[in-house]
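Please look over the sequence and the structure below before reading on. The briefing that follows takes up a few local features, one topic at a time.

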Amino acid sequence: MSRSGRAAKGFLTSLVQYASQILVQALLAPVVLKLAGREALGAYAAIMQTLSFLALVDIAHSWSLERFLAQAIGMDDGGVRFRHVFTTARTLLLITNTVFAGLVVIFSMFIAQLFHLSPGIAHQARYALYVIAAWAILRTPLAAYLNASVATQDLAATNLIGTLLGASRTLASLLFVLAGGGLFGLMLAGTVVEACGSVLYRVRFRRKNPQLTPGWGVPDKRLLREMVGFGGHAMFLNVGNMLMFSSGNTVAGITSGAANASTFYTSQMPTMTAYNMILRLSDSATPAINELYGKKEMDRMKQALLRLSRFLLLMSLPLAVGVFLFNHDLVVSWVGEGQYAGELLTVCLAIFCVTISMQRVAIVYSFVFGWMRLLTGTAFFQGVANFALAFYLGKKIGLGGITLALVIVQLPQNVLLWRKISKTFHLNVVRFFGGCLLRQSLPLAAASALSLLVHHYVHIQHKHLGGLLAEVFTFIIVYFTGAYFTMVRQDRNDINRYLRGFANRGRSMQQRVARSLGAA
């Protein structure tokens with residue numbers, strides 16, 4: 001299968017993954033609010049986000065590890081480099097996981113004061129954190145198999161496993177809450193499902209790549225220094241990115257308390273889930289881009305950049321307009337008017353949907369090119385600036401100020417990275433993005449007008465989704481119908497080819513099943 005075919009297959013399966021997560025999370029939040037209360041939901045969102053910060057002590061994971069593994073796949077050495085990278089990473093993880101566990105225990109001592117928790121909620125949180133700390137050390141032998149599978153571009157399988165785990169995590173949380181587990185049940189469910197997922201990723205990778213099984217130790221000290229050096233830059237990069245993109249619930253909990261953090265969570269969670277679904281396209285394409293860079297195929301990298309950017313804007317622009325039009329209706333229909341954080345938050349989220357898609361492409365290419373000093377400096381600066389500005393604006397103007405800070409602080413890095421990319425590929429960025437916007441303006445205008453017409457005739461109220469679904473599906477159908485005819489011909493041909501390929505595989509599977517049933 002071609003690189004673009006693997007990326008498309010991985011992206012489509014990731015859509016299934018996120019769609020299932022949206023469905024089960026839509027069921028979970030109202031139940032948690034009713035049975036455990038606003039404080040438990042807000043505390044859960046703030047605590048789990050804070051744990052993501054503590055996990056940044058890992059200097060050999062995520063993008064750093066996937067970069068080394070993906071570039072090793074392109075080497076004709078029988079998998080020696082790949083095994084060395086994998087083995088070194090696992091050994092480093094044993095150290096960093098132990099440090100993480102210690103930080104979690106320390107965090108548990110201050111959790112009540114940090115998020116203004118009641119004694120009962122604080123007690124549940126503390127015991128759940130002890131379980132998470134223990135699992136952090138026990139999981140090490142199972143770690144990094146997901147990254148290895150992504151590096152080998154086994155994207156469809158990993159996304160399907162992710163779909164199963166996403167649904168299982170939320171359903172387990174639902175069951176634990178219904179059983180009276182409260183906040184402890186919510187947090188424990190994630191640990192149990194993560195353990196099951198780690199086993200599945202390990203089984204899948206070792207079955208598909210038995211020749212790439214890792215060991216323990218440091219087989220190549222030079223490689224260790226290279227990975228630690230690159231991983232150190234990546235750690236600071238990730239610290240900045242976490243402070244930038246994944247600190248909202250934490251800031252809301254600190255500035256407004258756990259109960260109000262639940263309002264922030266329900267107002268922005270559907271949008272965050274939707275744009276993360278879109279960004280999976282760039283994640284699915286990253287291994288192939290790494291491979292192209294490893295082979296120094298710069299012209300093909302430029303074409304991949306243009307196509308990836310066009311497809312991301314094809315989806316992020318309607319998401320932005322949809323958020324602006326429907327976020328209030330969605331939150332009211334889902335969890336009630338009292339859980340909506342206001343128009344400022346909605347407007348800022350809509351703007352962010354577009355800028356984040358542009359920034360993600362720039363970050364992917366900058367990471368592949370190894371521009372770590374630029375990435376690290378800008379990401380760390382914008383992360384610290386965002387956290388500080390969000391804290392200030394959250395105190396001054398409320399929850400909407402947290403997302404306003406996100407939009408303001410994100411712009412400088414976006415401009416700097418795209419300027420450097422434009423020089424590398426001799427690309428007129430303003431003309432390129434202007435053309436993308438112009439092609440989609442008519443479908444967006446038509447979809448907005450017709451969906452607003454539908455909105456005029458429907459009634460939006462809590463626990464009644466009919467009106468919301470009518471206006472949203474009108475927007476989606478009209479937009480994508482129009483966008484199909486206004487997109488670049490190459491992109492339209494690619495979509496037709498991918499859809500025909502999936503349809504042919506579906507018919508082939510149906511025929512095999514029919515033959516099997518006939519034989520039985």
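This is a predicted model: local features need pLDDT of at least 70, side-chain atom pairs count only at pLDDT 80 or more; totals for chains, interfaces and linings use all residues.

**Briefing on selected features**

Tyr127 is partly exposed, with a relative accessible area of 46%, and the residue is placed in helix H6.

**The nonpolar surface patch**

- Together with Val105, Ile106, Met109, Phe110 and Tyr130, Tyr127 makes a nonpolar surface patch of about 590 Å².
- Helix H4, which covers residues 80-109, and helix H6, which covers residues 119-138, each supply at least two residues of this patch.
- The most is given by H4, which contributes three residues to the nonpolar patch.

**Cys196**

- Cys196 is found in helix H9, which runs over residues 182-208.
- Although Cys196 and Ser168 are 28 residues apart along the chain, their C-alpha atoms are separated by 9.8 Å.

**Helices H17 and H18**

- Two packed helices are described by the angle between their axes and by the distance between those axes.
- For helix H17 (residues 429-457) and helix H18 (residues 466-486), the axes come within 8 Å and cross at roughly 160°.
- Because angles over 145 degrees count as roughly antiparallel, this crossing makes H17 roughly antiparallel to H18.
- The crossing in which H17 passes H18 is right-handed.

Technical notes:
Residues are numbered from 1 along each chain as its sequence is written. Side-chain values use heavy atoms; hydrogens and water are left out. Patches are made of residues with over 30% relative accessible area and no salt bridge: like charges are joined within 9 Å, nonpolar side chains (Val, Leu, Ile, Met, Phe, Trp, Tyr) within 5 Å. Accessible areas come from the Shrake-Rupley method with a 1.4 Å probe; for residues, only the protein chains shown count as cover. A salt bridge is a side-chain nitrogen of Lys or Arg within 4 Å of a carboxyl oxygen of Asp or Glu. Helices (H or I, at least four residues) and strands (E, at least two) are DSSP runs, numbered from the N terminus. Buried means under 20% relative accessible area, exposed over 50%, partly exposed in between (1.4 Å probe, protein chains only). Axes are lines fitted to C-alpha atoms, for helices over the stretch in contact, and angles run from 0 to 180 degrees between N-to-C directions. Angles under 35 degrees count as roughly parallel, over 145 as roughly antiparallel, 65 to 115 as roughly perpendicular and the rest as oblique. A crossing is left-handed if the near helix is turned anticlockwise from the far one by less than a right angle, and right-handed if clockwise.
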